[in-house]
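Let's learn to read a structure together, one feature at a time.

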Amino acid sequence: MDVVLSIRGLFARYDRGDVLRGVDLDVERGGVTCVIGPNGAGKSTVLKVVSGLLRPRAGDVALDGERISGRSARQILDHGVVHVPQERSLFPSMSVWDNVLMGGYVLSRAALRRRVDEIASRFPIVRERRRERAGSLSGGEQKLVEIARAMMLEPRVVLMDEPSMGLDPKARRVVFGTIRQLNDAGATVLLVEQNARSGLEIAGRGAVMETGAVRLEGVARDLLDNPEVARLYLGGAARSLEDRG
Amino acid sequence: MSAQTLLEVDGLSKRFGGVAAVSGATFSVDTGTITGLIGPNGSGKTTVFNMITGYLKADAGTVRFEGERVRRPNPRRLYRRGLSRTFQQARVFPEMTLVENLVVAVAVPVWALGRRGISRTDAARAEELLDRFGLGSHAHRRASELSFGQRKLLEFATVLMGRPRLVLLDEPASGVNPLMIEQMERHIRDVHADGVTFLVVEHDMNLVMRLCDPIVVLDHGAKIAEGHPDDVRADPAVLDAYLGG
């Protein structure tokens, strides 16, 4: 496997107790890696550490062999790691277009102009709704604009935290379809998703986290059939659903 | 089973705008049980709690406590009737001492405290409860000095001041370190042994499966399964709900 992002022995905490307790995870170049797991497993925290929003207490994150953990969020952004957070993050009173431009605020003027045109050609919503206030878009549409904005920097790795959160099934399909298209175009995505089925469907590799560590890792489409997943989600002794016939 | 129904929830429904958060939730809590209420994120557990305890007005459905219909639920009245609850983020009065936190919970009316002061019986009961929860040495310190986990214990003790027959615990283990989770579990079992019935919302599945019987599973605001932990865990519909569609 061609690994672009490698996480080793990651420990992190907020103000009380370790949320991450030794996370090991590899992200394949050009692939979608999907992390699933029950509430409170630490999935979002992994993304926050990778993008530098939270400093790890121990452990390493390396991008193409270069250590990025411990650097500032801005430095990590400059390395090409972009984070699309779980909560809505557009500036609601700014236009869709301006929001997308904000995604390239570190670029030169010329690069910004070129890049925003590229993004507009790839994301119809940016073209069609460019003048509208971002806050007037539906939740699913806003998520698409957030993804478009994240692509402004031609990131080496896109971190996506529960893009389907709060979306109805139709909007969810559109968002996951967009992620799949991005991936087809070569983007590397580390996706955290509560909706395990939808997430693993578009992923090549998957990992299951529970209580702060990766407990299971493998080919995404094989994971859902693994009886161990049931145990990690529902607790207690391993109980295969297949045992019941 | 000759169990007696303590709490009866029938057809409880709540919409927020176009979203049906709870739709026709129906279940009961038998006297002497520790009943678990689980379900994936957004399945309506806390909304159900909020409607039972009068923090939210239900659109439809009824709640009966000890056979009597709760017509206009009001947290304070329910507390006096013997039904009380905790919150995910423990709600305590940070500027008051621990003893004061407990005493105001039972003071009727609250303003009389200022004139009459703390009665000796209330103070004695408060100190006894604090001792029981391992908070005795902090009895006269301010609640703001407590750790997050200790605040949860304090809130639990506060709830017990009213000598409830039914306690609703909203995620007693969330944000609490593993050692404190064990402590919390021990306290719940202790209080249960004294004859208090519990309805518990919790995401820590290992804890739920150890502690609760029966378990009620919600998905999209309606009950999808109910029964012994082993049965619930082996129910394909439950795993399906957790993995998303």
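Predicted model: local features only at pLDDT ≥ 70, side-chain atom pairs only at ≥ 80, totals over all residues.

Q: Thanks! How do I read the packing of two helices?
A: Two packed helices are described by the angle between their axes and the distance between the axes.

Q: Which residues in helix 6 of chain A meet helix 7 of chain A?
A: From helix 6 of chain A come A:G139, A:G140, A:K143, A:L144 and A:I147, and they meet A:A171, A:V174, A:V175 and A:T178 in helix 7 of chain A. Sorted by class, this contact has five nonpolar, three polar and one charged residues.

Q: How many residues does the largest nonpolar core have?
A: That core has 145 residues, and A:V145 and A:L159 are those with the most contacts inside it. Its largest share, seven residues, is supplied by helix 6 (residues 148–161) of chain B. Domain 1 and domain 2 of chain B both give residues to this core, so the core lies between them.

Q: What does A:V145 touch?
A: Leaving out residues up to four places away in sequence, A:V145 touches A:L90, A:V96, A:N99, A:V100, A:I125, A:V126, A:A134 and A:L137.

Q: How many residues does the contact take from chain A and from chain B?
A: Chain A gives 19 residues and chain B gives 21 residues. On the side of chain A, helix 8 (196–201) and helix 10 (227–234) each supply at least two residues. By class, that side has seven nonpolar, eight polar and four charged residues.

Q: Where are the domains of chain B?
A: The domain assignment gives domain 1 (5–89 + 164–243) and domain 2 (93–145). Taken over C-alpha atoms, the centres of these two domains of chain B are separated by 27 Å.

Q: And helix 1 of chain B: which of its residues are buried?
A: They are B:K45, B:T47, B:V48, B:F49, B:N50, B:M51 and B:I52. With seven of its eight residues buried, helix 1 (residues 45–52) of chain B is largely enclosed by the rest of the structure. Just after this helix, B:G54 takes a positive phi of about 80°.

Terms used: Residues numbered from 1 in each chain as written. Chains lettered and ligands numbered in written order. Contact = placed C-beta atoms within 7 Å. Helix = DSSP H or I, 4+ residues; strand = E, 2+ residues; numbered from the N terminus. Nonpolar A, V, L, I, M, F, W, Y, C, P; charged D, E, K, R; others polar. Core = buried A, V, L, I, M, F, W, Y, C linked by C-beta atoms within 7 Å. Buried ≥ 20, exposed ≤ 12 C-beta atoms within 10 Å, placed from the backbone. Domains from an automatic or database assignment.
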